[in-house]
Amino acid sequence: MNFLEMKSKISQMLDMRIYEAMVKAAMIRITNLLVLLIVALSILPATASMYASGSTDINDASDSDTSDNSDGSSDSELSENTFASDSGTTASNNTGSVQQQSADFENTILNIHNQERAAVNVPALSWSNSIAADAQNWVDHITTLGLGPNDLAPHASWEQRNGQGENLALGSMGFFSPAGGVQMWAAEKSNYDGHPISQSDFAPGVPMIGQYTQMVWKDTTQIGCGIASDAGQTYLVCRYSPSGNFMGQTPF
């Protein structure tokens, strides 16, 4: 083999190794992209399952219990709003840590509510431990129902709520947060134009407003919430007293 033939042979070998290296690098990049895609697809369905539920059920929207008003009239109560405390996370045995978690939970919920209320010039809410206990009892009950990711968590009846308002939200465990749930309720304000509450506001397919209007209802003074998780989902329930969302009235 002469010098030129050897040079050509070496050049061919180098070209082949460069080609193989390029193919290998491309395969690694493709593999990494596939892994990222699989991770993204596993996360998106979980985060997308978080939703807020108000008086969309026909029984919730058509409660005929009445409330006496200062002017002597009575209005049908249309929707419930509920909140819950964080039992979906592992609690520390340290009493101070548990108390801090509870305080953080309360403050997070109160701050979001009272920011929305301040924006429409209605008085701030205060936290009620007794109302929070009622909310926690209901959210604990929800976790015993064996609900799947496509099931809607039920509201308590008017009688079970002792006349309290109720907001409810849920999401995949590990992705849902109390702040996220409350902020979803607050986001309904973009659907509300200031009209008096009517039964048509709770008809199927109508953009939801009931969670937001309960958040800022002018006559509501107290809130208490609870949170709990089952095998796959975390549920948040908030209760309000006095209740809001009365037919023929506006929240502020």
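Colleague: Are Cys225 and Cys238 buried or exposed?

Modeller: Both Cys225 and Cys238 are buried. Buried means under 20% relative accessible area, exposed means over 50%, and partly exposed lies in between, with a 1.4 Å probe and protein chains only. Before going on, note that this is a predicted model: local features need pLDDT of at least 70, side-chain atom pairs count only at pLDDT 80 or more, and totals for chains, interfaces and linings use all residues. Residues are numbered from 1 along each chain as its sequence is written, and side-chain values use heavy atoms, with hydrogens and water left out.

Colleague: How many disulfides does the structure hold?

Modeller: A disulfide is a covalent bond between the sulfur atoms of two cysteines. Here a pair of cysteine sulfur atoms within 2.5 Å is taken as one. The structure holds one disulfide. Cys225 and Cys238 form it, with their sulfur atoms 2.1 Å apart. Cys225 lies in strand 7 (residues 222–229) and Cys238 in strand 8, so the pair ties together parts that are 13 residues apart in sequence. The torsion about the S-S bond is about 105 degrees, so this disulfide is right-handed.

Colleague: You mention strands. What does the secondary structure of the chain come to?

Modeller: Helices (H or I, at least four residues) and strands (E, at least two) are DSSP runs, numbered from the N terminus. The chain has six helices and eight strands. Their order from the N terminus is α-β-α-β-β-β-α-β-α-β-α-α-β-β.

Colleague: How many salt bridges are found, and which residues form them?

Modeller: A salt bridge is a side-chain nitrogen of Lys or Arg within 4 Å of a carboxyl oxygen of Asp or Glu. A search of the whole structure finds two. One joins Glu116 and Lys189, whose closest N and O atoms are 3.1 Å apart. Glu116 lies in helix 3 and Lys189 in the loop between helix 5 (178–186) and helix 6 (210–215), so the pair ties together parts that are 73 residues apart in sequence. Glu116 is buried at 13% relative accessible area, whereas Lys189 is partly exposed at 41%.

Colleague: And the one with Arg239?

Modeller: Glu166 forms a salt bridge with Arg239, the closest N and O atoms being 2.8 Å apart. Glu166 lies in strand 6 (residues 165–172) and Arg239 in strand 8, so this pair ties together parts that are 73 residues apart in sequence. Glu166 is buried, at 0% relative accessibility, and Arg239 is buried at 2%.

Colleague: Which residues have a positive phi although they are not glycines?

Modeller: Asn121 is one case, with a phi of about 60 degrees. Asn121 lies in the loop between helix 3 (95–119) and strand 5 (126–127), and counts as exposed at 71% relative accessibility. Asn245 also has a positive phi of about 60 degrees. Asn245 lies in the segment after strand 8, and counts as buried at 0% relative accessibility.

Colleague: Where is a cis peptide bond?

Modeller: A cis peptide bond joins Ser241 and Pro242, with omega about -15 degrees. Pro242 lies in the segment after strand 8 (233–241).

Colleague: Which residues make a nonpolar surface patch?

Modeller: Patches are made of residues with over 30% relative accessible area and no salt bridge; like charges are joined within 9 Å, and nonpolar side chains (Val, Leu, Ile, Met, Phe, Trp, Tyr) within 5 Å. Val23, Met27 and Ile30 make a nonpolar patch of about 250 Å². Val23 lies in helix 1 (residues 3–48) and is partly exposed, at 37% relative accessible area.

Conventions: Areas by Shrake-Rupley, 256 points an atom, 1.4 Å probe, with all protein chains shown as cover.
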